[in-house]
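Please keep the sequence and the coordinates open while reading.

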Amino acid sequence: MSVEARERRQPWILLSPALTAIGLLLFVPLFFIVVYSFWLRTATGADQAGFYLDNWNEALTDPFYRDILFSTLRIAAITTVACAVLGYPAAYFIARSKGNKALLLLLLMLPFWISYIIRTMSWINILGVSGAVNWVLLNLGITSEPIQMLYNEPTVILGLVHFLLPFMVLNVYVALEGVDVSLEDAACSLGSTRWQAFREVTLPLSLPGLAAGGLLCFVLSAGTYITPLVLGGPTDAMYANLVFEAIITQLNWPLGSALSLMLLGVLGALVLVYNHYLGMGQLMKGLG
Amino acid sequence: MGWPLIRVYTLLVYLFMFLPVAVVVLLSFNASQFGSFPMTGLSFRWFVELAQNEAILRAFRTSLVLGALTALISTTLGVLASLALVRYNIAGRNLISTLLIAPILVPEVVLAVALLLFLNFLSINKSFFLLLMGHVIFTLPFVILVVQARLVGIRRDYEEAALSLGASPVQTFFQITLPLLAPAVFAGMLFAFTISFDDITGTLFWKPGGVETVPTQIFAMLRNSISPEINALGTVMIFLTVGLPLLGLAIARRMAMQRGG
């Protein structure tokens with residue numbers, strides 16, 4: 001074999017294990033559940049192979065599934081907006097601070113190293129019947145009985161915001177780091193106020209970071225099922241809970257396939273729209 | 001908004017991020033028998049009980065083995081793929097990059113369902129093997145991103161020098177490239193381990209009955225109610241996943257300073 005031919009083959013040899021793994025463990029299985037979603041789970045528990053639209057019909061038209069899809073998207077949207085509102089000023093502060101930037105960044109990375117389930121359950125210590133808030137309220141004499149503040153939609157959103165906020169701050173920070181401070185100074189020297197300079201110059205330039213953080217927050221919160229189980233009540237199920245229910249509890253795998261593909265379709269469409277307008281570059285910057 | 005206002009706002013955001021976790025650590029030392037306020041005194045009793053809880057120790061062992069194997073496999077695949085992407089000019093590089101990070105773009109629940117049902121179709125049931133494959137697939141993109149970012153910073157000159165002085169490509173890889181790569185490999189492994197150690201979403205789908213990892217064990221314990229033991233377990237986890245890497249970082253920095261001075 002010539003040296004050139006070997007040189008050309010080398011990268012593919014290096015890539016093949018990873019590509020094979022992702023092909024066999026992600027793409028083939030995804031294709032498989034597309035086929036599977038058209039099968040039918042019979043009353044006996046056996047699968048009937050074929051082309052049946054029953055699962056898709058159920059996933060698309062059953063008001064129960066539709067309502068939960070909409071409430072899942074609503075929860076994800078509120079979470080994303082809350083993360084942006086809380087996260088943007090913090091990211092701005094980190095990007096523009098002089099002295100303690102390294103410490104602030106290190107602290108920002110810490111939540112990524114703390115277990116998701118621990119961060120989620122930590123709110124039970126704060127808002128639970130015997131949690132910190134109730135203890136303070138009782139001792140101050142404001143209430144005479146502990147109030148149950150947990151297990152409703154707001155606490156689910158609270159848990160999600162707490163979990164996803166670092167993703168938002170990090171993405172906005174990366175974008176703001178790329179915006180030259182002297183641009184704002186230039187705008188000011190040309191007669192705009194600080195606030196105008198921020199609104200007209202820095203904010204638009206940092207929007208790609210905000211969008212990348214927003215996409216991550218939205219997709220990750222819409223796909224969650226642990227947070228509603230820990231911090232939500234019986235009626236606060238999100239779409240991924242339906243998937244879990246169908247697959248693990250009811251063992252109706254064809255229906256579970258259709259439901260997962262619904263979720264993938266809705267969130268995938270969002271990713272495609274994002275990719276069309278902004279490309280994946282910004283997202284990768286924030287993740288790396 | 002004035003600067004002082006943004007400063008206070010940021011402080012509040014950081015408090016929001018860390019206060020609940022700090023309360024977990026605080027309550028784990030609470031002597032009271034319920035995992036809640038008020039603090040009745042400082043005590044290590046919950047850590048002692050933790051160390052005697054067979055189920056939790058088993059979960060720890062499972063998580064450690066799973067995380068270590070995931071890190072090993074994922075980093076091997078990831079380093080090879082990153083080398084190809086950074087070191088060679090290949091056709092369709094953007095497409096390949098997108099394919100390699102696809103597992104991040106698919107919601108984890110969907111990935112979990114697809115893998116579970118497909119392997120079941122191939123008569124591979126819920127098992128430690130399925131769990132391991134699942135963890136490899138969703139840690140791989142993160143490893144590739146981290147390793148690639150480090151790899152870009154390594155100059156090719158050293159390798160070319162070794163090659164021109166007569167070293168074989170294999171010798172060059174093991175004696176020149178790999179040592180230069182070590183920080184990237186280490187970062188990738190640490191990242192993969194942490195993600196695997198922390199995962200619960202996919203794990204609940206893939207784990208065989210009776211097998212628990214630390215997060216699923218905590219989740220199962222939460223079903224009853226929050227107990228001081230869970231807070232203690234949380235504190236141990238925080239120490240392991242935050243304290244140890246920080247300690248490692250500090251030691252590494254110190255060693256680098258000593259070498260420099």
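Phe191(B) touches Phe142(B), Val143(B) and Val146(B) when residues up to four places away in sequence are not counted, a contact meaning that the C-beta atoms of two residues, placed from the backbone, lie within 7 Å. This is a predicted model, in which local features need pLDDT of at least 70 and side-chain atom pairs count only at pLDDT 80 or more, whereas totals for chains, interfaces and linings use all residues. Residues are numbered from 1 along each chain as its sequence is written, while chains are lettered from A and ligands numbered from 1 in the order in which they are written.

Phe191(B) lies in helix α8 of chain B, where helices (H or I, at least four residues) and strands (E, at least two) are DSSP runs numbered from the N terminus. Phe191(B) is buried, because 21 other C-beta atoms lie within 10 Å; a residue counts as buried with 20 or more other C-beta atoms within 10 Å of its own, as exposed with 12 or fewer, and as partly exposed in between, the C-beta atoms being placed from the backbone. Leaving aside neighbours within four places in sequence, Phe197(B) is in contact with Ser63(B), Gly67(B) and Thr241(B), whereas Arg45(B), 152 residues from Phe197(B) in sequence, is 25 Å away in space from C-alpha to C-alpha.

Chain B as a whole contains 11 helices and 0 strands. Its C-alpha atoms fill a box of roughly 70 × 60 × 45 Å along the principal axes, and of its 261 residues 41% count as buried. Among the contacts in chain B with a separation of 6 or more, 76% join residues 24 or more positions apart.

The unreviewed UniProt entry lists several spans of chain B as "transmembrane region", including residues 128–152 and 173–197; such annotations, given here in the numbering of the model and with shortened feature names, may be inferred rather than shown by experiment. In the model, residues 128–152 of chain B are 96% helix and 0% strand, with end C-alpha atoms 35 Å apart, and residues 173–197 of chain B are 100% helix and 0% strand, with end C-alpha atoms 31 Å apart. Residues 12–39 of chain A are 89% helix and 0% strand, their end C-alpha atoms lying 37 Å apart, while residues 251–274 of chain A are 92% helix and 0% strand, with a distance of 35 Å between the end C-alpha atoms.

Where do the two chains meet? The contact between them takes 66 residues from chain A and 68 residues from chain B, and helix α1 (residues 3–36) of chain A gives the most to the side of chain A that touches chain B, with 17 residues. That side divides into 53 nonpolar, 12 polar and 1 charged residues, where Ala, Val, Leu, Ile, Met, Phe, Trp, Tyr, Cys and Pro count as nonpolar, Asp, Glu, Lys and Arg as charged, and the others, Gly among them, as polar.One helix pair that spans the two chains is α5 (residues 116–127) of chain A and α1 (residues 3–28) of chain B, which pack at an angle of about 75° with their axes 8 Å apart; axes are lines fitted to C-alpha atoms, for helices over the stretch in contact, and angles run from 0 to 180 degrees between N-to-C directions. The helices α5(A) and α1(B) are therefore roughly perpendicular to each other, a label for angles of 65 to 115 degrees, whereas those under 35 count as roughly parallel, those over 145 as roughly antiparallel and the rest as oblique. Among the residues that make this contact are Arg119(A) and Trp123(A) of α5(A) and Pro20(B) and Val24(B) of α1(B).

The largest nonpolar core has 147 residues, and those with the most contacts inside it are Ala91(A), Val243(A), Leu263(A) and Val113(B); a nonpolar core is a set of buried Ala, Val, Leu, Ile, Met, Phe, Trp, Tyr and Cys residues joined through C-beta atoms within 7 Å. Helix α7 (residues 153–177) of chain A contributes the largest share of this core, 17 residues. Not counting residues up to four places away in sequence, Leu263(A) touches residues of both chains, including Val243(A), Pro107(B) and Val110(B).

Two loop residues complete the picture. Tyr151(A), in the loop between α6 (132–139) and α7 of chain A, has a positive phi of about 65° although it is not a glycine, and Tyr151(A) is partly exposed, with 18 other C-beta atoms within 10 Å.
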